[in-house]
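Dear colleague,

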Amino acid sequence: MASTTSPPRSRIRRQRRNGVLLLLGPFFLLFALTYILPLFYAVGLSFFRERFSGLGWGGPELVFAWFDNYTRALTDPDFLSGVGRVLLYGLIFVPLLVVLAIVLALLLDNALTYGRRFFQTLLFLPHIVPGLIASLIWLYLYTPELSPIVDAFSALGWDIDFLGGNNVMFSLVNIAVWGALGFNVVLIFVGLQAVPRTTIDAARIDGAGEFRIAFNVKLPQVLPTVLVATLFTIIGSLQLYTEPMILRTSGESPISNTWTPNMLAYSSAFNSNDYHYAATVSVLIAVLAGVLSFAVTRFANRRALR
Amino acid sequence: MVSHRRNLTVRGSLAAGVAAALLASCGISGAAEGGPTTITFWSWTSGSQEAVDRFNATHDDIHVVFEQVPAGTGGGYSKMYNAVRAGKSPDVVTVEYPQVPAFVTHNVVQPITDYGAGELRDVLPEWAWNQVALGGDVYALPYNIAPQVFLYRADLFEEYGLDLPTTWEEFRDTAEQLRGERPDTVLATLGNTDAALLAGLAWQAGANWFDTAGGSWEVNATDEASLSVARYWDDMVADDLVNAEPLFAEKHIADLQQGRSLGMIAAPWMLGNLSRFVPELAGSWAAAPLPAWDGTAAGNYGGSGFAVPEGADHPEEAMEFARWVATSPDAIAAMVPASTAMPANSDLFDIWATEVEAANPYVAGMGVPAVATAAAESVPPAWEWGPDMTDGFARLMDEMTGSMGRPGGLEDALHRWEDDVVDQLRLRGFDVTT
C-alpha cells in the first residue's frame, strides 16, 4: 500500500543517481577527454624520444628513453632559469595583485553606492581585453621613441628603459596586474557582499571603526575567496607565455625564445618538432603547479584551524 | 605594357575555352574516370591563391585546392608535420630553404628525384639547387629566390650628395659622411630580430655554417668570414651609423616616412612590404647591388620551394602543378600583382622583370629586377642549412637582439649560438663536428 503513496526507496535512489549522472556526466566526460586523457598521453610521450643518427637523412628512430627527458630538463639551463623566472615573477605578482585586490574590494564595499558601479566597471574593463591585445598595447607604451609615457618621463629628466635588463620583469608584472586586477576585485567584492550585515552592525555598535571592521570583521570572512584568487594567480603565473612572447618581438628586451617553461615547451614542440621534450617540460610544470597549490592550501587550512 | 597584360588575359581565357572544349569532347569517358584529380596545396606565400586560380582555369586534368596555412615558422610547418604524422598529408606544400633539412630528417617530405625534378637543374642557380638536393636526392622544387640587394632613397642620396657605396668599406664611409652632416639620419636600418638577415650576410661573405661534405654536420658560424661580418656590424651599430631595430615596426616606419633612415638590405619579396607600409614613398627608391667584401657577391635572404609530403595521395599530379608554377610565364603573370618575389627559374627572369614592374607601379623604375638578376648569379654555392633551423633562427635572434652594438657583441653571440646549436643537435643524436 505504501508503494502507491510514495515510490520505493531504491527507485528514489536510482532517480537521484540518474540526476547526478545527467548533471555531472557531461562535465566529467569532457574533463576526461580534454584534460585527463591528454595528461596521460603527455606522460606517455615524455618517456620516449626520437633519436637521429649520422646526418639524419634516414629519419629518426623512436626509442624508449626511461627518464632521459627528465634528466635533460632538470639539467637544461633554459628550463631551470625559466622556472626561476616564473617563480620570481609569481613572487612579485601574486602578493601585489592579492593585496591590491583586497584593498580595492574593501574600498568598493565601503564606498557610496553611486561611485561603486562606476569604479567596478572601470576596474573590470581591462579584464575584457585579451592578454594578447593588452601586451601589444603595453609594448607600444614601453617602446622608446614611440611611447608617450617614456617621453613624459624623459621630459622630467628620467630616462627609463621599460624593456631592458631587469626592468622587463616589472613591466610584465604591470601588464598582468592591469589585466587581472579587476577580475580579482570583483571576486573578492562578491565575497564581501555575502558577509552578514548583522556582524558588521554588531561590530559598529561595539565601537569598531571602519578600518577595524574591514580588517577584523570583513576580511576574515572572505579569506576562502582570497585563497581561491591566490591559487589561480599562482597557477597562472607558472604558465606565463603570451606577454613575454609579445615583448620579445620588440627587439629591445632580453626575453629569449625559451624565457619561461611554457615558451620552452612551445619552442620544443612547434619549432624543433620534439613533442617528447615538450611533453616532459609540460609534465614538470604541472607537477610544480600541483605542489605549489597543495602547499598554499595546506598553509591556509592550518591558519584556518588555528 | 597594358596591351601586354591584355594579351595575357586573352591567352588565359583562350586556354580556358580550349579546356572547356576538351572537357566537352571527353564527355562521358572523363566523367566515368571521376573527372579531374583533386590535389591539395598548403602555403602562406603571397600569390599562391592567384597561381592556383590560374592553374585551375588552364588545366582540366588536375584541380588544385589551395589551403592557406599560417606562415611556416608561425605554425604552418608544425601543421604540416602533424598532418603527415596523422596520415592526412596534403599533396604539395611550401617549404623555405632553411627548413628543408628539418623536413627531410623528420621524414616529412619524400624525394622528388623520380618525378622529373632534375630536368630543371640547368635553369636554376647552382646555389638554389644545393638548397634542395640533400643526401643524394632532391626534396623540393625551388620556385622563389631572394638574392640580397641594397634599397636606398635615391632622391635623398642625390639631395645630400651621397655616393652609392659598392664595398662595405665605402658603405661605412658614406654612413659616416651622412652622420656628420645630419646627426638624426642614418644610412640604413638593420633588422636586429632577423636571424636570416645575419645568416645571409655571412653567406655573402663566403661562410658555410653547416657543412655536410665530410659526412657529419660540421657547424661553423665562427669562421673568419662570419666573425668579420659580426665585427663590422657591431662597430656600425656601436658608432650609431645604422639603426638596429625590427624592420617595418612602428619606429622603422616612422623613420622611413620622415626620411631618417635612407636604406635597407633587402630582397625582391620585401618590395611588397615597402609598398604596403610606406606607399607615400613611391618613386623615391632605387635598388643597387649589395656592397661587397671583395669581388661581387650577394647572400640569399628568403625564398622557398615546393615539397611533396610523405603519404601524399597524388605525388605526380602535385609535381605537375609545382613544375607549372616553377616554369610557366603564365604563373608569373598571375602572381606578380600579389607578390614581388623573384622566380628561381632563370628562364623566367626576363618575363618576371617585365611583369613585376607592369603590375606594381611602386616597383617600376627602382631597377630591382636587373640588380637582383645579377645578384642571383653571384650567390656563393657552398652554403648549407642545419637540421633544425626554426629553433636555430629563434636562438640566433635572441643572441642578436641582446648583443648587437655592444663591443664584440655579435661576435660573442655567434660563438654562444654555435655552442648552443652543437649541444642541441648532439642531444638529438646527430653526428656533429666543430
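**What was found**

In chain A, residues 24 or more positions apart account for 70% of the contacts with a separation of 6 or more. Please keep in mind, as you read on, that this is a predicted model.

The secondary structure of chain A comes to 14 helices and 2 strands. Its radius of gyration is 25 Å, whereas a compact globule of 306 residues would have one near 19 Å, and the C-alpha trace spans about 80 × 80 × 35 Å along its principal axes. Of the 306 residues in chain A, 32% are buried.

Helix 4, which covers residues 77-110, and helix 11, which covers residues 223-238, have axes that come within 9 Å and cross at roughly 150 degrees. Because an angle over 145 degrees counts as roughly antiparallel, helix 4 and helix 11 of chain A are therefore roughly antiparallel to each other, and their crossing is right-handed.

Which residues make the contact between these two helices? On the side of helix 4 of chain A they include A:Tyr89, A:Gly90, A:Phe93 and A:Leu97, while helix 11 of chain A contributes, among them, A:Val226, A:Thr230, A:Thr233 and A:Ile234. Taken together, the residues of this contact between helix 4 and helix 11 of chain A divide into 12 nonpolar and 4 polar, with no charged residue.

How values were computed
Residues numbered from 1 in each chain as written. Chains lettered and ligands numbered in written order. Predicted model: local features only at pLDDT ≥ 70, side-chain atom pairs only at ≥ 80, totals over all residues. Helix = DSSP H or I, 4+ residues; strand = E, 2+ residues; numbered from the N terminus. Rg over C-alpha atoms; globule rule 2.2 N^0.38 Å. Buried ≥ 20, exposed ≤ 12 C-beta atoms within 10 Å, placed from the backbone. Contact = placed C-beta atoms within 7 Å. Axes fitted to C-alpha atoms, helices over the stretch in contact; angles between N-to-C directions. Parallel < 35°, antiparallel > 145°, perpendicular 65-115°, else oblique. Left-handed = near helix turned anticlockwise from the far one by under 90°. Nonpolar A, V, L, I, M, F, W, Y, C, P; charged D, E, K, R; others polar.
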